[in-house]
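Here are my notes on the model. Please read them with the structure open.

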Amino acid sequence: MIRQLGGWMKMGIAINNAKIKNTGIFLAICLLIPFASISWADDVAVSNTIKGKADSAPKFIYLTFDDGPLKGSNDVSEAVELEKIKINVFVVGSHLKAGPRMRGYFELYTKNPYIEIGNHSYSHAHDSYSLFYSKPELAYDDFLYNADILKLKNKLARLPGRNMWRLKNRSIDDVKSGSKTADLLYSKGYTVFGWDLEWRHDRITAVPVQTVEDMVYLIDTMFAKKKTVTENHIVILCHDEMFMTSWEESKLKELIEKLIASGNFRFEHLSNYPQ
Ligand SMILES: [Zn+2]
């Protein structure tokens, strides 16, 4: 009903827009009323969705964790096993060089049935993104090397430092540099995933920036306003190091449990992302 109202109001705006050139200030004032109403209707739509009343279509959440294995990978692995939810990790092979602890964390990933492992390059672009992407063939080789040494089973990729997507039906770039590497990966059979929403963290303390409540609100708002790449599907970017706490105190646990309790959300693997 609210959507319908929004549609009628939009029609009202179109009609008013056509007349306004001829009828002057009076209609211009009338025009302001539907604008105010639309913003009100949108807010109600968002707030109703948060309460689970408006749109009953299932909503799919893809929790993705970049840059592992890292400190915190063991906590994430344990978390998803306890909650029995599917997640994706995008791994960086060079992190295994740090020693047996990181190799052990990678083992945890490979043995965990709730975790699907994707490729985030071997070197993480040496954190010099523009230089790395200036040579797309070398960048692609870095991904290939990562897949070889880690024996990655699927062809899911995420570019370091870039929010780029290469799906069967869509190609999205956040910036230009990296675009050719994404194309090359896609031409070699990779699906490249960016993200719809990032759960950001403090670079020094690794503590999550947005609260759990902020995240639930943002997820709901993006679904309600159809701001995700694919309607009813949201890809969320996190990093393992954000959750270096016991499971009982974990913000990740809190988010997962709030999402499960608040609506008809399903956690899925990116290999099942529609395209
Ligand atoms: Zn990364």
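**Notes on the predicted model**

1. Start with a helix pair. The axes of α3 (residues 73-83) and α4 (residues 100-111) come within 9 Å and cross at roughly 20°. Axes here are lines fitted to C-alpha atoms, for helices over the stretch in contact, with angles from 0 to 180 degrees between N-to-C directions. Angles under 35 degrees count as roughly parallel, over 145 as roughly antiparallel, 65 to 115 as roughly perpendicular and the rest as oblique. The two helices α3 and α4 are therefore roughly parallel to each other.

2. The crossing of α3 over α4 is left-handed; that is, the near helix is turned anticlockwise from the far one by less than a right angle, whereas clockwise would be right-handed. On the α3 side, S73, N74 and S77 meet Y105, L108 and Y109 of α4. Contact means C-beta atoms, placed from the backbone, within 7 Å.

3. Some ground rules. This is a predicted model, in which local features need pLDDT of at least 70 and side-chain atom pairs count only at pLDDT 80 or more, while totals for chains, interfaces and linings use all residues. Residues are numbered from 1 along each chain as its sequence is written.

4. Confidence comes next. pLDDT is the predictor's confidence in each residue, from 0 to 100. The protein averages 83, and 79% of the residues score at least 70. Residues 1-53 stay under 50, and the model has 38 contacts beyond four places in sequence for them. Where pLDDT is low, the predicted coordinates should not be read in detail.

5. Overall make-up: the protein has nine helices and 10 strands. These are DSSP runs (helices H or I, at least four residues; strands E, at least two), numbered from the N terminus. Of its 275 residues, 32% count as buried (20 or more other C-beta atoms within 10 Å of the residue's own; exposed is 12 or fewer, partly exposed in between).

6. Which residues touch the most other members of the largest nonpolar core? They are V89, V192 and I236, in a core of 50 residues. Such a core is a set of buried Ala, Val, Leu, Ile, Met, Phe, Trp, Tyr and Cys residues joined through C-beta atoms within 7 Å. Strand β9 (residues 233-239) gives the most to this core, five residues.

7. Finally, look at N264, in the loop between α9 (251-262) and β10 (265-267). N264 counts as exposed because it has 11 C-beta neighbours inside 10 Å. Beyond four places in sequence, N264 contacts S56, P58 and K59. The C-alpha atoms of N264 and S56 are 7.5 Å apart, though 208 residues separate them along the chain.

Notes. Two residues are in contact if their C-beta atoms, placed from the backbone, lie within 7 Å.
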